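Open the structure in your viewer and keep the selection tool at hand. The tour goes from one selection to the next.

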Amino acid sequence: MGKNGTSFDGWRFSNYFEYDQRKENNLTVKCTLCPGRKLLSTACNSTSNLKKHLQRQHGHIKLVAKRQSDMNEQSHKQQKLSFEHKVLPTSKSEINKLVASYVVEEMLPLSTVESLSFRKILCKIPIAGTDQLFSDWKTFAMYLDKCYAMMESELKKTFESTEYVSTTADIWTCHNKSYIGMTAHWIDSSNFHCEKAALACKRIKGRHTYDIVATEIEQVHSSYGLSEKVTATVTDNGSNFVKAFSMSPSQQQQQHPIQRTRDQGRMKKCHLPMYKKCSPRNKKTQDTLLSPPHLRCASHTLNLISTVDIEKWLTVTNKTIYRSATAKCSALWTKASRSTVAAELVESLCGKKLMVPTVTRWNSFHNAVARITEISRPQLTTLCSQLGVRAFSEREYKFLVEYCAVTNPLTKALDRLQGENDCYYGNLLPTLEKVCFSSLREISNFRNASVLDSREGLLAAVTLPKFKMRWLREETRREALKNLLITECRASPLAAPHNEEHEVRPPQISPASSSSEDDFFVFEEEQDSGSFGPDREVMEYLKSGSEMGVLDNFPRIKNLSLKYNTAPASSAPVERLFSLGSRVLTPRRNRLGDKRFERLLLMRYNHYFDK
């Protein structure tokens with residue numbers, strides 16, 4: 001072929017090129033991977049040009065070097081690539097699941113399956129057999145009902161094998177309808193991942209009184225078999241939720257004596273006359289009041305600090321500045337959100353849009369004020385004058401800057417506590433400890449005094465290996481917490497031991513002789529010093545690493561960690577459920593039934609078709 005004595009002869013990837021001709025010191029070859037008759041030129045003593053071609057044009061193909069025996073041959077076969085793809089028929093069940101996943105995940109109306117354009121797409125998919133797809137939306141709705149029943153059954157099986165479960169609850173109003181939503185949370189004991197699922201989003205009618213709330217939550221717990229497994233229910237600080245739990249006899253026994261006295265006095269003053277006049281139906285409701293422990297949403301509490309408590313702690317002069325500055329901020333937000341001309345003006349002058357705070361996004365007020373402080377004062381003055389809003393004085397502007405700096409730890413704490421993945425309840429107290437040692441120490445202590453010393457919060461934090469007792473500053477609190485952990489380990493039943501070292505050995509009785517005197521002097525054998533008792537387990541745990549996997553070596557502490565860290569620190573998960581609900585229950589779907597809406601929402605939140 002006339003190419004002897006060239007670098008191309010011994011190159012290991014020469015099998016991807018077809019020799020054409022040689023002109024003096026250059027070779028002309030054709031790439032077998034490229035379509036058409038494209039020729040490439042390369043030097044006789046170099047193959048760098050061909051290497052670059054393979055990298056640029058065919059980098060996505062895994063190249064195979066030719067064998068040494070093939071390199072010695074003068075001719076080689078051209079490699080052919082097959083671009084043909086066999087389309088195998090899909091079963092009807094797979095198509096049904098894909099269609100249901102598309103409609104539910106994208107929150108589309110059920111009538112999508114009747115759409116002519118959608119059916120044209122389905123007709124292009126080869127289906128095995130002669131079965132037809134959904135003929136109308138009613139048939140599709142029946143299929144979704146079967147899927148929902150399967151999802152509900154799988155959840156119940158999961159809860160049967162789970163020892164500790166927590167829930168969140170809240171009430172949502174949309175399009176003049178009210179719904180109570182609930183989510184469940186538990187920890188996978190094998191990998192310590194936080195799992196979650198939506199339990200209900202039921203329509204409730206009438207006033208949202210505490211007895212209605214208590215009855216609905218108890219019914220949801222009972223329907224999933226969670227009445228005896230719920231370690232805590234997290235809600236916001238609404239008076240109806242607080243009263244639904246505080247009037248439970250078990251809750252009054254668990255409360256601190258001082259707090260219980262305060263609550264009883266408050267109820268005696270405000271609610272007792274009405275409660276004494278309860279009808280027989282309400283007396284029956286009293287027997288079914290909630291028994292699970294109640295945890296108030298930490299995010300809601302921190303939001304009250306940043307929006308309500310700060311103003312209470314300001315001096316008279318600073319309070320006046322605070323009110324005037326926030327009033328001007330509100331005027332800017334109103335202008336920018338209601339007028340397209342104003343919004344375009346803001347974006348042209350400042351290069352960014354203003355953020356408008358919302359009630360359900362608890363740190364949005366700080367972020368909205370911080371966005372205003374990012375604008376320089378001259379630009380802000382120009383913006384206010386063009387929008388017809390009173391300009392900020394230098395004192396007001398400096399006050400807003402200082403306000404954002406002071407409340408910044410609260411915003412970071414809110415972001416952490418509202419996390420969705422692996423946000424254990426044990427994160428709460430270390431987070432609050434950081435906030436309390438910031439410039440908001442006095443205000444934070446006022447709201448979180450009872451939470452900072454709560455037994456559940458302390459045990460949740462100390463049983464997380466990444467915290468243990470590192471977050472405590474006082475040695476006396478560390479010692480007290482260590483003693484509390486030892487006490488809990490002594491009272492906690494030991495989980496199934498992984499090896500003989502962790503096994504708690506039962507007392508051994510000495511063999512008795514026939515003599516009655518020997519029978520009298522029978523004592524328990526002394527425990528083997530090598531046994532893994534509660535005290536030693538705690539001491540070894542405090543010396544261990546910070547990975548969650550170390551809990552597998554400490555069965556008692558692992559059991560406590562699963563118990564006290566199950567609950568989320570905030571009720572943000574149920575708020576996310578309502579956010580999805582607003583996308584399902586749109587004004588154009590006002591004829592969507594309550595039960596149908598709940599099932600579509602729960603399957604979407606739980607991503608049932610993606611599992």
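Which residues of the largest nonpolar core touch the most other members? This is a predicted model, in which local features need pLDDT of at least 70 and side-chain atom pairs count only at pLDDT 80 or more, while totals for chains, interfaces and linings use all residues. Residues are numbered from 1 along each chain as its sequence is written, and side-chain values use heavy atoms, without hydrogens and water.

Select V99, F140, L144, F159, F597 and M603: among the 64 residues of that core, these touch the most other members. A nonpolar core is a set of buried Ala, Val, Leu, Ile, Met, Phe, Trp, Tyr and Cys residues joined through side-chain atoms within 4.5 Å, where buried means under 20% relative accessible area with a 1.4 Å probe, protein chains only. Next, select helix α5, residues 137–160, which gives the most to this core, with 9 residues. Helices are DSSP runs of H or I with at least four residues, and strands are runs of E with at least two.

Now pick F159. Beyond its neighbours within four places in sequence, F159 is in contact (heavy atoms within 4.5 Å) with V165, A184, W186, L199, Y224, L226 and K229. Apart from this core lies another, of 47 residues, including L414 and I557.

Move to the open sheet of 3 strands, ordered β1-β2-β3 with antiparallel pairing; strands pair if DSSP finds at least two bridges between them. β1 (17–23) and β3 (39–43) are at the edges with a single partner strand each, so one side of each has no neighbour in the sheet. Select Q21: its bridge partner in β2 is T28.

Definitions and conventions
Buried means under 20% relative accessible area, exposed over 50%, partly exposed in between (1.4 Å probe, protein chains only).
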